[in-house]
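Keep the viewer open as you read along.

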Amino acid sequence: MRRRILKLVGQVLSICTLDPNTHDGMHVAEEDDFVASAVVYPSSTEEVQTIVRWANEHRIPISPISIGRNYGYGGAAPRVRGAVVIDLGRRMNRILDINPDDCTCLVEPGVTYFALYEEIQARGYKHIWIDVPDIGGGSVLGNAVDRGVGYTPYGDHWGMHSGMEVVLPTGEVIRTGMGALQGNNSWQLFAPGFGPTPDGLFSQSNLGIVTKMGFGLMPNPGGHEAYLFTFPREEDLAQLIEIIRPLRIAMILENVAQLRHVSLQVGLEGKPRSHYYNGKGRVPDNIIHDVAKKLSHGDCAWLYYGMSYGPPEIRKYKLDIIEKEFMKIPGARRIDPSTLPADDYFWVRDRVASGVPELEELRWVNWHPNGGHVAFSPVSPVRGKDATALWDIARRRCEEFDLDLFPTFVVGLREMHLIVEIVFNRDDSVMRNNARASLRAMIDDAAKQGYGEYRTHLAFMDQIASTYNWNDGALLRFNERIKDCLDPNGIMAPGKSGVWPARYRGRGWEM
Ligand code: ADP
């Protein structure tokens, strides 16, 4: 009965809301597996404290979101069905400070990349950039807390933060770093402050609700130039990654760089799969390549989108090196941007890598009607052999489960993430089951070879936490001890990142 009521609630909510703040709009599980029972909209830190105290009193699980996009990782949904979502974004959305001299800002959870960008433009601060992820509608604070990335040299959003205000699971509020000093003047300038640095406890965690967060902002580098290289064969992958590693560590490749598979470019056309192919299994490679031939960049297997920063003479120095190295791959081509139309995807990457918020990236979700997506996101060394091993896992498992795959290698600095996006029809339970089964298989295959995911959908958090198992799972036990200490009633986002409070542990919640 309870399940039927929740299902009904889920259906009504999904019809009522385009961008839901009650459940996962891209549900890879059943729609009502992760659904809220209520949403509250605090307007201040004090109101957040009141909610948290009330949750303790009544032992109600609560789940904070900032804007709640979190596409592919569970959206706004709580891990525990029936939890109350604390939607901070709607009313706590003030830009508290933009300091044009120090190039810093202090924001509340509801400040989106668009809002911050527009405010900087409105104030005429031409010398300050922001760093944006692929989609600019999300929260600056929420993305950083969940360790999202962007595409300028400031792309490590978590790494660029300085100072947090956090409501703890028992309702007290703390400020980290220099913010702990009454009357301080350096909160956004020196993240560590003095003594133990607890900030990491509030990232991808369930130990607090972040109500304010500061960031360093990138100074305008005085010019920028996007570039695109294409490479003809899938087998070029290993050599390419070997070329990328030293260039990226030396910051000749200056931004979090993307090596995208051509299938993603076909997906970005925004047409459904049925437009190209109606058979079972993966769309055959020859069809993908036939479509690619007609795209502006022509046929290829891989595309490298990068950006060079600074005045022309500085850019030339770096671009000459990049061109010389990439052209070592037989058949490599550098695409001349002046040949590309204004609506080409190249210009989307150009804007994103120069800090202008965009909304185009998810066009490939239209691959299936009623499309949703979920990502396999393992971390690895920037080595040809690791790229090939992960690529083999992804291809093999997607083939086994009749799924197309949209992969990108994203090179941070000394590590890379392979992001494999899997698109499915949310109404097709067989396809959703296959997407889940393939993800589970990929996570296990990867762990056996020493690769772990950096972030995941709610449905896979327990599995991934269990792969971080050195010393008989010592890290998870440590996290559980902290959880039980800071959140004795287990009310704060139980199960987030696989960390369950004592009240829930071992009682059938893990999946
Ligand atoms: P975005 O809209 O930018 O994608 P979300 O608001 O969906 O970001 O946040 C992503 C995840 O980060 C949430 O599911 C939640 O686990 C965590 N999170 C977001 N905001 C907060 C916050 N203010 N305090 C604690 N955790 C948060």
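## The sheet and the ligand site

Strands β4 and β5 (residues 104–107 for the latter) run antiparallel and are joined by 4 bridges. Please keep in mind that this is a predicted model. To find the pairing on screen, look for I95, whose bridge partner in β5 is V107. The two strands, β4 and β5, form a hairpin with 4 residues between them. In that turn, C103 has a positive phi of about 55°.

β4 and β5 are part of an open sheet of 5 strands, with the order β4-β5-β9-β7-β8 and antiparallel pairing. Which strands form the edges? They are β4 (95–99) and β8 (173–175), each of which pairs on one side only. From one strand to the next, the twist averages 10°. In a regular strand, side chains alternate between the two faces of the sheet, which is handy to remember when you follow a strand residue by residue.

Over at β8, the pairing is with β7 (residues 161–167), again in the antiparallel sense, over 3 bridges. Here E165 stands opposite R175 in β8.

Next comes the ligand. Where does the ligand lie relative to domain 1 (2–87) and domain 2 (95–219)? It lies between them, because both domains give residues to the shell around it. Of the 19 residues around the ligand, S66, R69, N70, S139 and V210 come nearest. By type, the shell divides into 8 nonpolar, 8 polar and 3 charged residues.

Several elements take part in this shell. β2 (62–65), α4 (140–145) and β9 (209–216) each supply at least two residues. The largest share, 4 residues, comes from α4.

| Residue | Protein atom | Ligand atom | Distance |
|---|---|---|---|
| I67 | backbone N or O | oxygen | 3.0 Å |
| R69 | backbone N or O | oxygen | 2.8 Å |
| N70 | polar backbone atom | oxygen | 2.6 Å |

How much of the ligand does the protein cover? On its own, the ligand has 550 Å² of accessible area, and the protein covers 93% of that. Two of the residues in the table, R69 and N70, are also among those that come nearest to the ligand.

Notes. Residues are numbered from 1 along each chain as its sequence is written. This is a predicted model: local features need pLDDT of at least 70, side-chain atom pairs count only at pLDDT 80 or more; totals for chains, interfaces and linings use all residues. Side-chain values use heavy atoms; hydrogens and water are left out. A residue is near a molecule or strand if one of its heavy atoms lies within 4 Å of it. A polar contact is a pair of N or O atoms within 3.5 Å; within protein, one must be able to donate a hydrogen and the other to accept it, and residues adjacent in sequence count only if both atoms are side-chain atoms. Accessible areas come from the Shrake-Rupley method with a 1.4 Å probe; for residues, only the protein chains shown count as cover. Ala, Val, Leu, Ile, Met, Phe, Trp, Tyr, Cys and Pro count as nonpolar, Asp, Glu, Lys and Arg as charged, and the others, Gly among them, as polar. Domain bounds come from an automatic or database domain assignment. Two strands pair if DSSP finds at least two bridges between them. Axes are lines fitted to C-alpha atoms, for helices over the stretch in contact, and angles run from 0 to 180 degrees between N-to-C directions.
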